[in-house]
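Hi,

Here is the structure I promised to pass on. Have a look at it first, and my notes on what turned up follow below.

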Amino acid sequence: MAMALTLGRRGRGNAWPNPAVGCVIVRDGRVVGRGWTQPGGRPHAETVALAQAGDAARGATAYVTLEPCAHHGQTPPCAEALVAAGIARVVAPIEDNDARVSGQGFAILRNAGIEVTTGVMAQEAARDLRGFILRTDLGRPFVTLKLATTLDGRIATATGESQWITGPEARCRVHALRAQNDAVMVGGGTARIDNPSLTVRDLGVDRQPVRIVASRRLDLPLMGVLARTAKEVPVWIIHGPDTDAELAATWRDLGAELLPCEVEGAQLSPASMLQALGAKGLNHVFCEGGGALAASLIGADMVDELVMFQAGFAIGAEGHPAIGALGLDRLSEAVRYRLVDQEQVGADLMSVWRRG
């Protein structure tokens with residue numbers, strides 16, 4: 001199962017809207033088939049592993065990191081494929097919480113006389129598949145917020161200079177994190193000031209994450225990098241209901257996809273934004289700020305993971321803060337995170353924090 005989980009992680013950032021699943025088929029103590037969910041979500045991990053195993057699958061044990069699917073979609077049900085291949089036993093850590101499956105995959109297997117064992121490395125599987133589970137349960141993706149700051153929590157000087165606060169090793173790690181997510185998201189202010197590309201570079205990836213900008217009024221640079229490359233790498237713009245129709249048409253002509261969302265006060269509603277992204281099938285979203293978007297998501301308690309890169313210098317209170325105003329009067333009102341990992345990356349410190 002540990003091998004299957006490792007294989008499943010290869011699909012992170014590529015498998016959406018499907019979960020990134022791994023499968024290992026073992027017969028007489030020998031691995032005869034391996035597979036993981038392929039880019040775009042198909043073929044599924046079981047299909048790939050069964051094809052590799054061939055006739056050796058008959059009488060074998062399949063280790064799958066999620067309950068095999070039971071519904072007919074763009075591919076036949078994996079549970080039926082396992083039955084047809086003559087698999088004798090299936091080991092899976094957790095049930096699929098998708099209503100179209102939810103125990104039905106296991107039922108197909110048991111009704112065919114296949115032994116089913118569950119609960120093996122269930123905690124690890126739930127952690128790996130947390131984005132898919134969250135989306136199917138609550139309709140929104142798992143959100144990781146990345147912050148790269150000075151020791152005093154600043155992301156730019158008073159004049160706006162921000163390149164580069166952290167070193168090249170930290171920036172390379174950020175690209176690796178982008179590659180593990182379905183989408184990279186920034187606020188409109190970051191898109192206007194930094195003119196980012198938001199792509200994964202120098203890692204040889206085959207599929208780029210979707211690039212998302214949250215901009216209530218669509219007031220983004222029409223000659224910027226995102227606009228120029230929208231037909232090459234997907235650009236989605238989340239906007240409010242009061243946008244200019246002509247400007248919206250211009251962005252569509254440039255190749256961007258527009259997602260209208262509700263507004264709370266003067267800002268886009270965090271819940272509405274994430275529900276829209278969940279409806280598009282995204283399981284994992286990597287948010288890179290800026291301060292207003294970070295504050296909005298934290299204030300709504302919708303940051304599931306916080307990844308901080310901290311450089312060893314300070315620039316003072318006149319610098320731009322990493323997180324905008326939260327309007328808190330009491331410490332008890334703050335969302336709390338727990339430290340789960342910490343390491344030195346080049347000259348910088350990387351720490352990972354999660355809710356709860």
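A definition before we start: two strands count as paired if DSSP finds at least two bridges between them. Helices (H or I, at least four residues) and strands (E, at least two) are DSSP runs, numbered from the N terminus. Please keep in mind that this is a predicted model, where local features need pLDDT of at least 70 and side-chain atom pairs count only at pLDDT 80 or more, while totals for chains, interfaces and linings use all residues. Residues are numbered from 1 along each chain as its sequence is written, and side-chain values use heavy atoms, with hydrogens and water left out.

With that in hand, strand 1 (residues 22-27) and strand 3 (residues 61-64) run antiparallel and are joined by four bridges. Across that pairing, Cys23 sits opposite Val64 in strand 3.

Both strands belong to an open sheet of five strands with the order 2-1-3-4-5 and mixed pairing. At its edges are strand 2 (30-36) and strand 5 (115-118), each pairing on one side only. On average, neighbouring strands here are turned by 15 degrees against each other, direction ignored (axes are lines fitted to C-alpha atoms, for helices over the stretch in contact, and angles run from 0 to 180 degrees between N-to-C directions).

Two helices to look for on this sheet: helix 2 (residues 45-53) packs on it, touching strand 1, strand 2 and strand 3, and its direction makes about 145 degrees with that of strand 2. Helix 4 (residues 104-111) also packs on the sheet, touching strand 4 (89-92) and strand 5, with about 145 degrees between its direction and that of strand 5. Contact means heavy atoms within 4.5 Å.

Next, the cores. A nonpolar core is a set of buried Ala, Val, Leu, Ile, Met, Phe, Trp, Tyr and Cys residues joined through side-chain atoms within 4.5 Å. Buried means under 20% relative accessible area (1.4 Å probe, protein chains only). The largest core has 34 residues, and those touching the most other members are Ile25, Leu50, Ala62, Leu82, Ile87, Val90 and Leu109. Helix 2 gives the largest share, four residues. Leu50 touches Ile25, Ala57, Ala81, Leu82, Ala85 and Ile87, leaving aside residues up to four places away in sequence. A second, separate core holds 30 residues, among them Ala183, Ala214, Met273 and Leu282.

Now to strand 9 (residues 210-214), where five of five residues are buried. Val210, Ile212 and Ala214 point one way, and Arg211 and Val213 the other. In a regular strand the side chains alternate between the two faces of the sheet. Strand 9 runs parallel to strand 8 (residues 183-187), joined to it by five bridges, and Arg211 is the bridge partner of Val184. Strand 9 also pairs in the parallel sense with strand 10 (residues 235-239) over four bridges, with Val213 opposite Ile237.

Lastly, some helix details. Asp244 caps the N-terminal end of helix 10 (residues 245-254), with a side-chain oxygen 3.1 Å from the backbone nitrogen of Glu246. After helix 10 comes Gly255, with a positive phi near 110 degrees. Helix 12 (residues 291-299) has seven of its nine residues buried, so it is largely enclosed by the rest of the structure. Asp301, which follows helix 12, has a positive phi near 55 degrees.

Cheers

Note on methods: Buried means under 20% relative accessible area, exposed over 50%, partly exposed in between (1.4 Å probe, protein chains only). A polar contact is a pair of N or O atoms within 3.5 Å; within protein, one must be able to donate a hydrogen and the other to accept it, and residues adjacent in sequence count only if both atoms are side-chain atoms.
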